[in-house]
Structure formats: structure tokens, C-alpha cells
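Grab a pencil and have the model open in your viewer.

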Amino acid sequence: SKPDNFTQSDLDDHTASFYDAWKAVFLKNDCGDPEQYHVLKNDTELTVSEGIGYGMMITVHMAGHDADARAYFDGLYRWAVAHPSVLTPHLMDWRQLTCSDDPTDDDNAASDGDIDIAFALLLADAQWGSGGTIDYFAEAQAMITAIMENEVHPATQTVMLGDWCDQDDPLYYNSTRTSDFIMDHFKLFGCVANDPDWNAVVDNCYALMEGMRTDYSPLTGLMPDFIVNVGAAPEPAAPDFLEDANDGAYFYNACRVPWRVGVDLLINGDERAWTTVTAINTWLIGATGGDVSTISNGYGLDGTPIEDELD
């Protein structure tokens, strides 16, 4: 439900103001090509595919407010196309140093960025049609196919960390990131591609979350950033599995789970989404006394606060 202490006009104005402020700080086209836009990562000189995906979803949604939204959207997609994964041409290199020809040490793809970019292209087709300089629908179809072939595990039908995971490194090949469980996107992909394997991905993601909640967070419902041993005996990742000491905790990846799963609840009314977000929300309200200002940066799956600074 929407906040009831503001009118719809107020909510629209708040959203537009926040968008304008975000755009002024983070949306850039200062790298020599006026037709390419990128989104800065915080206050760094980095751009990541997550940011490109977020930017594309934001700008297409704001088309009714911003007359230049399509130019920004197309510019962001042109940036993505200009920075492909070295492993999979239809997917995006997940991290770049902006305005530099020097690549970072990561020139492969991350699943969540690609998933959002493909979804945003479908939104653009619905918003503007695909008869312009970019055939949004065709580009989305190509990305959806590439994601299924290179970022979905062929045996477990779960989301892999990226196109760089392979059988030669089973630890990462058989792992997943809970913030990549973007079920509303997957359901749409299945319709667009007429591919029932996307329904299996949805079912398997929900099953993994149910297993985490039952076995590791029965009191909180919290999800770990990463799950390992997918397909065998799934469990939260050990510290420093991929990123930091909190890889098995509810930290800056898993904190997106309520948003991702909540959207599936709002759009599709999936009861599994209701179960997931209600468990987390019920615990969090109790743990904070309903005071959002006391929410920690992260939590152990048992609810122990983590006060580490976020990057």
C-alpha cells in the first residue's frame, strides 16, 4: 500500500525531485561520446552493470516526467553495448573505469546487471515501441537468451554469479547470490521467450529461500548474501567466499531481497513472496521497535547487528 500521509500529487513530486537530484549527481556523459551515458558508482570513477541496469529502469519509468528520458535510456544502453563481457557478447562487462581505455581486472558479466538491463529493454518496448534506432524488443530477446545460456546453471536451473562461473571451479559454479532472485523479471522473460525453464528458475529460487529460512534463519527470515552447494546441500557461504567477511550474512547484497521479492508480490501476488517478505518484516519491526532509524547496516542470520561500514 502507498503512504497515506501524502496525496498522490505529493508522492509524484517527491519522486520527481529525488529523480532530478539523482540524475544531476550520478548520470554522466562526459567520456567523449555525447550519445553514451553511464551511472557513477557512489563517489568513485567506476561504472558497474548494476548501475546501468538501475539507470535504465529509472529513466524508462520517468518518461512522463522527463522529456529527455529516452535519450538517457538509449545512451545508457549504448554504453552497455560498448562494454561487452569478453566471454559473452550479448552480456555486459560488469565493471569499468569511466573515461578510460584501461580495463579493470573484471571484464566478465554479473547476472543481476544483465537481468535488469534485459528487463529495462522490455519496459522501453512497452513505453516507446521498438521502431526507433534501437529495437528494444529484439535486443531484450537476445539478452534473455544469453542470460539463460550463460548465467543460469544448466543442471540446477538457478542463477549463477555471472558468465565467468564454470565447472572447473565448482565452488563458484554451484553458488548463487540471493539478491539476483528477481522473480518478476524471470516470469516476464518466460513469457517473452516462451521458455518454461524460466518458471523452473523462479521455483528453484523460492525453494532456496525457503530452505535458508527453515534451516538457518527461522527466527528472522533473513537471507545470506551468497548460498553455496546449490543442488547438493545449500548453505550460507563462509566468510570471504567472494567479497568480504559478511558473505554468509544479510548484508549489502541480501538487503535487496525484500525489494526484489516484494516486487513479485506487488506485480504477481505470489504467495511465496508474501511468506518471504513477511518473515523479514515481522522480525525487523520487532527488533527495531518500528523505528527505521535503528536498522543496522546488516545482520547475522540470527539477527545479530553488523555495524561494518558499507563501501
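This is a predicted model: local features need pLDDT of at least 70, side-chain atom pairs count only at pLDDT 80 or more; totals for chains, interfaces and linings use all residues.

Residues are numbered from 1 along each chain as its sequence is written, and side-chain values use heavy atoms, with hydrogens and water left out.

**Exercise 1.** Describe the largest pocket and its lining.

*Step 1.* Get the volume, meaning the space filled by probe spheres set on the points, which are joined across faces, edges and corners. For the largest pocket, that is about 1,100 Å³.

*Step 2.* List the lining: 34 residues, with Lys 41, Val 48, Glu 50, Tyr 252 and Arg 256 nearest the centre. Helix 1 (8–26), strand 3 (46–48) and helix 2 (49–61) each give two or more residues to this lining; helices (H or I, at least four residues) and strands (E, at least two) are DSSP runs, numbered from the N terminus.

**Exercise 2.** Do likewise for the second largest pocket.

*Step 1.* Its volume comes to about 500 Å³.

*Step 2.* There are 16 lining residues, and Met 57, His 61, Phe 119, Trp 259 and Val 263 lie nearest the centre. Helix 2, helix 7 (183–193) and helix 9 (257–268) each supply two or more, and the largest share, 6 residues, is from helix 9.

**Exercise 3.** Classify the ring pairs Tyr 19–Trp 22 and Phe 251–Tyr 252.

*Step 1.* Rings of Phe, Tyr and Trp (its six-membered ring) pair if their centres lie within 6.5 Å; planes under 30 degrees apart are stacked, over 60 edge-to-face, and the rest tilted. The structure holds 13 such pairs.

*Step 2.* Tyr 19 and Trp 22 have ring centres 6.0 Å apart and planes at 35 degrees, so call this pair tilted. Both residues sit in helix 1, 3 residues apart, about one turn of the helix.

*Step 3.* For Phe 251 and Tyr 252 the centres are 5.7 Å apart and the planes at 65 degrees, so this pair is edge-to-face.

*Step 4.* Check burial (buried is under 20% relative accessible area, exposed over 50%, partly exposed in between, with a 1.4 Å probe and protein chains only). Phe 251 is buried at 3%, whereas Tyr 252 is partly exposed at 30%.

Technical notes
On a 1 Å grid over the protein atoms alone, a cavity is a set of points where a 1.4 Å probe fits but cannot get out, and a pocket is an open set with protein on both sides within 12 Å along at least five of seven lines; lining residues have an atom within 4 Å of a point.
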